[in-house]
Amino acid sequence: MEKKRLALKKLMEAVEKELLQKPNRKTLDRLSMLAGFQNWDTFQEALHGEADGATNYK
């Protein structure tokens, strides 16, 4: 029973580590496109800067 408990603990640690990783750039760009932006940078500019995203529709 102790081996099963340790194996489960290791599995949970691996899953938590994977979930806490930042998505790669390609994933971020694709998510930004779903939100109507050209890429991650333009999404970030609209979110934190002066851009409003209107340049994506010109």
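Predicted model: local features only at pLDDT ≥ 70, side-chain atom pairs only at ≥ 80, totals over all residues.
Local features are reported only at pLDDT of at least 70 and side-chain atom pairs only at pLDDT 80 or more, while totals for chains, interfaces and linings use all residues. Residues are numbered from 1 along each chain as its sequence is written, and side-chain values use heavy atoms, with hydrogens and water left out.

The protein contains three helices and zero strands. Helices are DSSP runs of H or I with at least four residues, strands are runs of E with at least two, and both are numbered from the N terminus. Along the sequence the pattern reads α-α-α. Of the 58 residues in the protein, 9% are buried. Buried denotes under 20% relative accessible area, exposed over 50%, and partly exposed the range in between (1.4 Å probe, protein chains only).

Accessible areas were computed by the Shrake-Rupley method with a 1.4 Å probe; for residues, only the protein chains shown count as cover. A nonpolar surface patch is formed by Leu8, Leu11, Met12, Val15 and Leu19. Together these residues have about 490 Å² of accessible area. Patch members have over 30% relative accessible area and no salt bridge; nonpolar side chains (Val, Leu, Ile, Met, Phe, Trp, Tyr) are joined within 5 Å, and like charges within 9 Å. Leu19 belongs to helix 1 (residues 2-19). Its relative accessible area is 67%, so Leu19 is exposed.

Side chains of opposite charge can pair when their charged atoms come close. A salt bridge is counted when a side-chain nitrogen of Lys or Arg lies within 4 Å of a carboxyl oxygen of Asp or Glu. The model has three salt bridges.

One of them pairs Glu2 with Arg5, with the closest N and O atoms 2.8 Å apart. Both residues lie in helix 1, three residues apart, about one turn of the helix. Glu2 is partly exposed at 45% relative accessible area. Arg5 is also partly exposed, at 49%.

Arg25, Asp29 and Asp41 are linked in a salt-bridge network. The closest N and O atoms of Asp29 and Arg25 are 3.2 Å apart. These two residues are four residues apart in helix 2 (residues 25-34), so about one helical turn separates them. Asp41 bridges to Arg25 with a closest N and O separation of 2.9 Å. Asp41 lies in helix 3 (residues 40-48) and Arg25 in helix 2, so this pair ties together parts 16 residues apart in sequence. Arg25 is partly exposed, with 40% relative accessibility. Asp29 is partly exposed at 21% relative accessible area, and Asp41 is partly exposed at 39%.
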